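I opened my notebook to look up a few things in this structure. I went one topic at a time.

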Amino acid sequence: MKRYINPYSFLILLTLVVSACKVSKDVATPKPELPVTFRNSATTADSSSIADIQWKSFFTDATLQKLIDSAIAKNYDMQIAVKNIEASQLLFKQVKWNYVPELNLNVTANINRPSNNSVTGLSLTQYNIGTKHIEDYNANLGLTWEADIWGKIRNQSRSALAQYLQTNEAKKAIQTNIVASVSQGYYNLLMLDAQLNIAQKNVKLNDSTLRIIRLQFDAGQATLLAVQQAEAQQLSAAQLVPGFEQDIAIQENALRILTGALPDKIERTAHLDEIAIPENLSAGVPSAIVSRRPDVKSAELALTVANANVGITQANMYPSLTITANGGLNTFKASNWFTVPASLFGTVAGALTQPLFQHRQLKTQYKVAVVDREKTVLQFRQSVLNAVGEVSDALVKIEKLKTQQGIIADRVNTLQKATSNANLLFRNGQANYLEVITAQSNVLQSELDLATVKNARLNAVSDLYRSLGGGWK
């Protein structure tokens, strides 16, 4: 007995079976080559990292916390990142609708007056219809659905999701950079405050020395050269003051703009010497960077997008199955347009389309997608390598700057004592003016250097926190 197979049932079964096919094979996220520990890391066993600390617990200065809070809320880069997330989320939701058939409403009314000498015109005359024009009124719903045979729609959804997650990682990356930039700008501002104070104190010290030398000159105990040398030294210190004041104003403006505010003065109560530098800074293990650093995570998600694009471009070269259905009302007279069931009509069709010749465009697009995927793998490896390098650089800076700070602090202490002794000896006539001027010049430069190195250490700590992926929590 021969059984009859319903063609629609067979078509649906074929669609379900073929939909499971996957034309492309994903490239797995490569395992990057990572060291056991960071170079210059103080620990080899501790897996904890300062990046796990929330930024408010890491940066405890009240003024700095207020600046960072304002920057996260009002910085325009952050606001743009939030809008990018919103747009990406909308696109991700839109892709989900690709599984749903398209449904269109079409309403048309046509009146055609053919030529009397045309085939249609002659037919109208021959059949004696009694009119020289043809009317056609149509109202129908059209449904179109493409079966996801080769996983093209599924890959579109994967790509959209990965891109949405990338925008979240981009926001995190911006926040980590903002936290680091605001903290470094704040520390730089405190350094400039300290250097301005040093310059102003040195100007007063030079004024005192110059006054004594002028008295000695008036008494015939010093030469005009001594007065001129002392004046030059006093002017050299004085010119630093407006320079530091200028740098302070520019740094304040930069910080205000970073926090989304107009340029203005920044009120602060802390001093550079009061900012403590943590001694035990655990970097953790290098493998944690892959999951913690937003830029590395974004590069990993980019591979998901690249895999999906390869699948989409390869699916474009395979047959596509499209099912269409139309149904509605059709008539040649307006008066009969909505007469049911006489005016009802309906059609169902299935089409299998195989691209044959399109100037190799589809194949080229596929090959380009494969190359892009290979590039993405390399970019992921590069991002991990850069991250490890940034952490290692920050660690060595912290270590060596600490040593430099200790050496410069000893030099400052020695020169301060030397300056005090030189001034005492000069007043008692046991030292000449050159010794006093040299001592004052040396202590000025050393105190400025000490403030610079202290600021560099604080910046290195901020950079370590950022390079480990801290700041977005």
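**Charges over a ring**

I looked at Trp472 and Lys473 first. The charged end of Lys473 sits over the ring of Trp472, at 5.8 Å from the ring centre. Then I checked Lys172. Its charged end also sits over the ring of Trp472, 4.2 Å from the centre. I noted that this is a predicted model.

**Aromatic pairs**

Next I looked up the aromatic pairs. I found a count of 8. I took Phe59 and Tyr465 as one of them. Their ring centres are 5.6 Å apart and their planes stand at 85°. Planes over 60 degrees apart count as edge-to-face, so I wrote this pair down as edge-to-face.

Where do Phe59 and Tyr465 lie in the chain? I found Phe59 in the loop between α2 (55-58) and α3 (62-74). Tyr465 is in helix α12, residues 433-467.

Are Phe59 and Tyr465 buried or exposed? Buried means under 20% relative accessible area. Phe59 has 2% relative accessibility, so I count Phe59 as buried. Tyr465 has a relative accessible area of 1%, so Tyr465 is buried too.

I then looked at Tyr137 and Trp337. This aromatic pair is tilted, with 5.4 Å from centre to centre and 45° between the planes. Tyr137 lies in strand β2, and Trp337 lies in the loop between β3 (320-331) and β4. The pair therefore ties together parts that are 200 residues apart in sequence. I noted both Tyr137 and Trp337 as buried.

I also found an aromatic cluster. Phe58, Phe59 and Tyr465 form it.

**The sheet**

I turned to the strands. There are 4 strands in an open sheet, in the order β1-β2-β3-β4. The pairing is antiparallel. Which strands stand at the edges? They are β1 (102-112) and β4 (344-353). Each has a single partner strand, so one side of each is left without a neighbour in the sheet. I noted that neighbouring strands are turned by 20° against each other on average, direction ignored.

How many bridges join β1 to β2? I found 11, and the two strands run antiparallel. Strand β2 covers residues 134-146.

**The cores**

Nonpolar side chains tend to be buried together in soluble globular proteins. I looked for such groups here. The largest nonpolar core holds 61 residues. Which of them touch the most other members? I wrote down Phe38, Phe59, Val182, Val391, Leu464 and Leu468.

Several helices supply at least two residues each, including α3, α6 (152-218), α11 (361-427) and α12. Helix α6 gives the most, with 13 residues.

I checked the contacts of Leu464, leaving out residues up to four places away in sequence. Leu464 touches Ile50, Leu281, Val391, Ala394, Leu395 and Ile398.

I also found a second, separate core of 7 residues. Leu210, Ile213, Ala222 and Val227 are among them.

**A buried arginine**

My last entry is on Arg466, which lies in helix α12. Its relative accessible area is 16%, so Arg466 is buried. What does Arg466 touch, not counting residues up to four places away in sequence? I listed Thr176, Asn177, Ala180, Arg293 and Glu390.

Conventions: Residues are numbered from 1 along each chain as its sequence is written. This is a predicted model: local features need pLDDT of at least 70, side-chain atom pairs count only at pLDDT 80 or more; totals for chains, interfaces and linings use all residues. Side-chain values use heavy atoms; hydrogens and water are left out. Two strands pair if DSSP finds at least two bridges between them. Axes are lines fitted to C-alpha atoms, for helices over the stretch in contact, and angles run from 0 to 180 degrees between N-to-C directions. Rings of Phe, Tyr and Trp (its six-membered ring) pair if their centres lie within 6.5 Å; planes under 30 degrees apart count as stacked, over 60 as edge-to-face and the rest as tilted. Buried means under 20% relative accessible area, exposed over 50%, partly exposed in between (1.4 Å probe, protein chains only). A charge sits over a ring if NZ of Lys or CZ of Arg is within 6 Å of the ring centre and within 35 degrees of the ring normal. A nonpolar core is a set of buried Ala, Val, Leu, Ile, Met, Phe, Trp, Tyr and Cys residues joined through side-chain atoms within 4.5 Å. Contact means heavy atoms within 4.5 Å.
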